[in-house]
Amino acid sequence: MDENSFLTLLQDTLQCEEALRPELPLADVPEWDSLAAMAVLALGSRRFGRKLKLTQLRKAVTVGDLYALLGTG
Amino acid sequence: MICMRCSAQAESLAAFTRENRILVTGASSGIGRAIALLCNRLGATTIAGGRSREKLEAAKAESAAPEHFCVEPRDLLEDTENLPLWVKSLREKYGRLSGLAPCAGEASVVPLREYDLATARRCYDINVHVPLLLARGFADRRNNAGAGASILFMASAAATADEPGLCVYGAAKGALLTAMRVLAKELGPQRIRVNALAPGIVRTPMGEAFLHFLDDEAREKELAAYPFGLGEPEDVANMAAFLLSAAAKWITGQVVVMDGGRY
């Protein structure tokens with residue numbers, strides 16, 4: 001999936017009003033909380049067939065890191 | 001002597017403003033219709049969903065404020081997966097929603113020996129998947145009014161009555177109640193309240209359909225088991241309006257059984 005499509009999908013999953021940018025730190029995304037992380041794990045499994053663990057997700061610092069984990073390849 | 005404080009509270013009980021947009025599905029008949037009409041009368045903008053445009057228009061014609069009674073025909077069993085997008089489209093059309101009451105339902109009385117997958121799936125679709133997908137759309141931060149928004153699911157006394165013949169319908173409503181309690185916790189941080197009503201038999205087309213499943217003797221026995229008689233749609237609507245309103249701002253994760261003393 002290309003980066004822009006991923007960002008749109010992630011924006012929907014996190015229910016963000018603002019568009020997301022790859023360099024945006026997750027710490028600066030108010031909607032990024034434990035429930036959002038749970039939703040991203042479910043998204044990864046459903047849309048990308050990737051069974052990630054919460055520990056892997058915790059290492060993500062920016063929105064771009066989530067793309068690297070889920071949307072590439 | 002009238003206590004001024006109590007009097008003021010009573011006046012504010014279940015009051016809405018037109019900024020309170022409440023989506024009620026199953027609003028073309030029965031309990032959904034009664035809730036849509038009552039919320040509209042109490043000051044809310046009602047967005048009434050249902051299969052029949054004709055019946056929704058008839059409800060609108062009866063409403064206290066037809067200009068704030070919005071008719072949105074939709075068969076919830078068609079394109080069900082995209083119900084969250086439908087809720088989004090309603091938000092775009094009318095503004096952020098403050099209440100959701102998914103009332104469309106379907107009762108089926110099926111003893112185990114007649115259990116079949118098609119019937120069970122349809123029952124779970126309309127009684128579990130549809131309300132939860134509507135809730136998913138409603139709970140999207142971009143679609144609701146934020147703190148104070150409220151979801152009210154319509155379960156059934158069948159969820160806990162454990163009566164023969166209700167292994168499909170009762171179990172589906174039981175699943176909805178479990179989901180309600182989970183969502184109350186999931187959505188609590190957003191200050192969205194989630195509750196449910198569990199009515200016994202109410203004088204609605206669905207209630208009548210349920211009674212028709214019973215033979216004469218069983219029907220008489222069932223009717224006699226309601227010391228306060230069968231419910232009226234308005235009985236349920238009164239409690240629904242309260243739980244959807246700010247008067248219930250401290251109540252979440254609860255189910256209110258309304259069965260006229262049946263169980």
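A:Gln15 sits in the loop that runs between helix 1 and helix 2 (34–48) of chain A; helices here (H or I, at least four residues) and strands (E, at least two) are DSSP runs, numbered from the N terminus. The phi angle of A:Gln15 is near 55°, a positive value in a residue other than glycine. With a relative accessible area of 18%, A:Gln15 is buried, where buried means under 20% relative accessible area, exposed means over 50%, and partly exposed is in between (1.4 Å probe, protein chains only). The model is a predicted one, so local features need pLDDT of at least 70 and side-chain atom pairs count only at pLDDT 80 or more, while totals for chains, interfaces and linings use all residues. Residues are numbered from 1 along each chain as its sequence is written, chains are lettered from A and ligands numbered from 1 in the order in which they are written, and side-chain values use heavy atoms, with hydrogens and water left out.

The size of an interface is often given as the accessible area lost when the parts come together. For chain A and chain B the buried area is about 690 Å², and carbon and sulfur atoms give 35% of that; buried area is the accessible area (1.4 Å probe) that two parts lose on being put together, summed over both. A:Gln15, A:Glu17 and A:Leu35 supply 65% of what chain A buries against chain B, more than any other three residues.

Side chains of opposite charge can pair when their charged atoms come close. The rule used here calls it a salt bridge when a side-chain nitrogen of Lys or Arg is within 4 Å of a carboxyl oxygen of Asp or Glu, and it finds 2 of them across the interface of chain A and chain B. In one salt bridge, A:Asp12 pairs with B:Arg142, with the closest N and O atoms 2.8 Å apart. A:Asp12 and B:Arg142 also belong to a network of salt bridges that takes in B:Asp140.

Within chain A, helix 1 (residues 3–14) and helix 4 pack at an angle of about 105°, with their axes 10 Å apart. Axes are lines fitted to C-alpha atoms, for helices over the stretch in contact, and angles run from 0 to 180 degrees between N-to-C directions. Helix 1 and helix 4 of chain A are therefore roughly perpendicular to each other, as angles of 65 to 115 degrees count as roughly perpendicular, those under 35 as roughly parallel, those over 145 as roughly antiparallel and the rest as oblique. From helix 1, A:Glu3, A:Phe6, A:Leu7 and A:Leu10 meet A:Val63, A:Leu66, A:Tyr67, A:Leu70 and A:Gly71 of helix 4. The residues of this contact divide into 7 nonpolar, 1 polar and 1 charged (Ala, Val, Leu, Ile, Met, Phe, Trp, Tyr, Cys and Pro count as nonpolar, Asp, Glu, Lys and Arg as charged, and the others, Gly among them, as polar).

A:Thr72 is in the segment after helix 4 (63–71) of chain A. A:Thr72 is partly exposed, at a relative accessible area of 30%, and touches A:Arg50 and A:Tyr67, leaving aside residues up to four places away in sequence. A:Thr72 and A:Phe48 are 24 residues apart in sequence, yet 9.3 Å apart in space, C-alpha to C-alpha.

Over all chains, the salt-bridge count comes to 13. One of them joins the side chains of B:Glu72 and B:Lys93 (2.6 Å, N to O). This pair links distant parts of the chain, with B:Glu72 in strand 3 (residues 69–73) and B:Lys93 in helix 4 (residues 83–94) of chain B, 21 residues apart. B:Glu72 is buried, at 10% relative accessible area, whereas B:Lys93 counts as exposed, at 54%.

Another salt bridge pairs B:Glu222 with B:Arg262, the closest N and O atoms being 3.1 Å apart. Here B:Glu222 lies in helix 9 of chain B and B:Arg262 in the segment after strand 7 (255–258), 40 residues apart. B:Glu222 and B:Arg262 are both buried.

Conventions. Contact means heavy atoms within 4.5 Å.
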